[in-house]
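Good morning, and thank you for coming. Please take a moment to look at the sequence and the structure before we discuss a few of the local features.

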Amino acid sequence: MSDLGLPQRFLDLAQRARGPRALSEAGLRERFGDPAQVELEAGQVWRARWDEVSMLVLVLDVDDLEVSAVPVTIDPPGEDETSVVVDGSRTAFGVDATVWAGLACCVPMRVLERVVDAWDDDIVGCATARAQGRPGPVAAGVREGQAIRSALEPAAEVRAGLTDDLEYLQHAPGLPVQESGRPAESLASLLGDRLELGALCTALQLPQPEVMKLLRGKTPLSPDQIDTVASATGLPAEQIARTVRPLPADLVRAVEHPRWRSVWVRRARRLGVSETQARLTGGYSTFALAARQTGGGTADWDARLRQFLHAENGAEGSP
């Protein structure tokens with residue numbers, strides 16, 4: 001696999017067709033600029049990744065915390081009756097690309113890792129129409145896909161794999177988002193029969209009255225305490241974090257934007273934790289910092305993130 005997660009066979013094909021420079025790191029920077037400054041827009045093709053699952057997706061629409069997208073494949077070849085196939089002359093790939101419009105779904109923007117291409121509006125219009133079950137408009141270099149006639153065809157296996165990968169990406173854990181009228185479940189309720197008060201007091205190194213405040217949600221858990229409770233109870237840190245006061249939507253939108261993805265990956269590597277945990281603790285630490293400095297008022301969350309990460313790890317704390 002290449003550094004961009006694209007199959008070597010595809011790169012060999014691209015080299016014979018148009019050359020791989022457009023997809024090299026230098027080529028991507030020439031086309032899109034600094035990855036940390038790329039604005040997320042419809043028509044872009046992104047590499048989406050979570051853990052070991054990686055795929056290309058065409059963005060059809062952008063919402064607050066997610067995008068409407070369809071999978072794109074270039075190797076191995078395959079298509080079905082809901083697909084549109086884009087000629088290589090109209091993309092940076094240099095080979096035919098299949099847009100699996102019938103698999104259109106919403107995926108969280110936190111799984112988007114790197115923009116690799118941007119397609120014209122007429123191509124996006126074709127894909128959108130097919131995703132909505134309508135006949136697609138005519139576009140140069142775009143044709144409708146051919147039906148899969150047997151479950152034994154390689155294309156059927158490709159489609160099944162894409163379906164599984166999309167479901168995995170959709171369930172990538174995110175930050176708790178503040179919603180009106182939906183109070184968080186208390187830590188005591190979450191632990192239920194797992195609650196051993198004495199052991200929890202020992203693990204947190206706090207007196208029982210303070211631990212009771214945490215259990216009842218009277219005092220929010222700090223990021224370090226979330227980790228401690230997770231270790232003591234065996235529950236996932238993400239699940240425990242949901243008992244904490246949810247974060248403002250604007251902060252979550254900033255933390256989960258693709259421009260910060262590489263920062264969380266580096267932080268996870270440095271701390272020896274998962275990317276999910278690195279993002280979770282970073283988000284809550286940033287919120288705590290802003291609350292101390294502004295009293296919880298309106299904040300420039302990108303600036304607050306940079307401030308927290310710079311204080312934590314110097315120059316690495318910038319996207």
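Predicted model: local features only at pLDDT ≥ 70, side-chain atom pairs only at ≥ 80, totals over all residues.

I begin with two helices. The axes of helix α6, residues 197-204, and helix α7, residues 208-216, come within 10 Å and cross at roughly 100°. Helices here are DSSP runs of H or I with at least four residues, strands are DSSP runs of E with at least two, and both are numbered from the N terminus. An axis is a line fitted to C-alpha atoms, for helices over the stretch in contact, and the angle between N-to-C directions runs from 0 to 180 degrees. Helices α6 and α7 are therefore roughly perpendicular to each other; that label covers 65 to 115 degrees, while angles under 35 degrees count as roughly parallel, over 145 as roughly antiparallel, and the rest as oblique.

Which residues of α6 and α7 make the contact? From α6 they are Leu197, Leu200, Cys201 and Leu204, and from α7 they are Gln208, Val211, Met212, Leu214 and Leu215. Contact means heavy atoms within 4.5 Å. Sorted by class, the contact of α6 with α7 has 8 nonpolar residues, 1 polar residue and no charged residues. In this sorting Ala, Val, Leu, Ile, Met, Phe, Trp, Tyr, Cys and Pro count as nonpolar, Asp, Glu, Lys and Arg as charged, and the others, Gly among them, as polar.

Residues are numbered from 1 along each chain as its sequence is written, and side-chain values use heavy atoms, with hydrogens and water left out.

The loop between α6 and α7 holds Gln205. This residue has a positive phi of about 55° although it is not a glycine. As background, most residues other than glycine have a negative phi, and most peptide bonds are trans. Gln205 counts as exposed, at 71% relative accessibility. Exposed means over 50% relative accessible area, buried means under 20%, and partly exposed lies in between, with a 1.4 Å probe and protein chains only.

Next comes the largest nonpolar core, which has 37 residues. Such a core is a set of buried Ala, Val, Leu, Ile, Met, Phe, Trp, Tyr and Cys residues joined through side-chain atoms within 4.5 Å. Which of its residues touch the most other members? They are Leu187, Leu221, Ile226 and Ile240. Helix α12, residues 275-294, gives the most to this core, with 5 residues. Leaving aside residues up to four places away in sequence, Leu221 touches Leu187, Leu214, Ile226, Val229, Ile240, Thr243 and Val244.

I turn now to the strands. β1 and β2 pair in the antiparallel sense over 6 bridges; two strands pair if DSSP finds at least two bridges between them. Arg47 stands opposite Leu56 in β2. β1 and β2 form a hairpin with 2 residues between them, and Asp51 in the turn has a positive phi of about 55°. Asp51 is partly exposed, with a relative accessible area of 46%.

β1 also pairs with β7 in the antiparallel sense, over 5 bridges, and Gln44 stands opposite Ala118 in β7.

With which strands does β3 pair in the antiparallel sense? β2 and β3 pair over 6 bridges and form a hairpin with 3 residues between them. In this pairing, Leu58 stands opposite Val70 in β3. β3 pairs with β6, residues 105-108, over 4 bridges, and with β5, residues 97-99, over 2 bridges. β3 is mostly covered, as 6 of its 8 residues are buried.

Finally, consider the loop between β3 and β4, where Pro76 lies. The peptide bond from Asp75 to Pro76 is cis, with omega near 5°.
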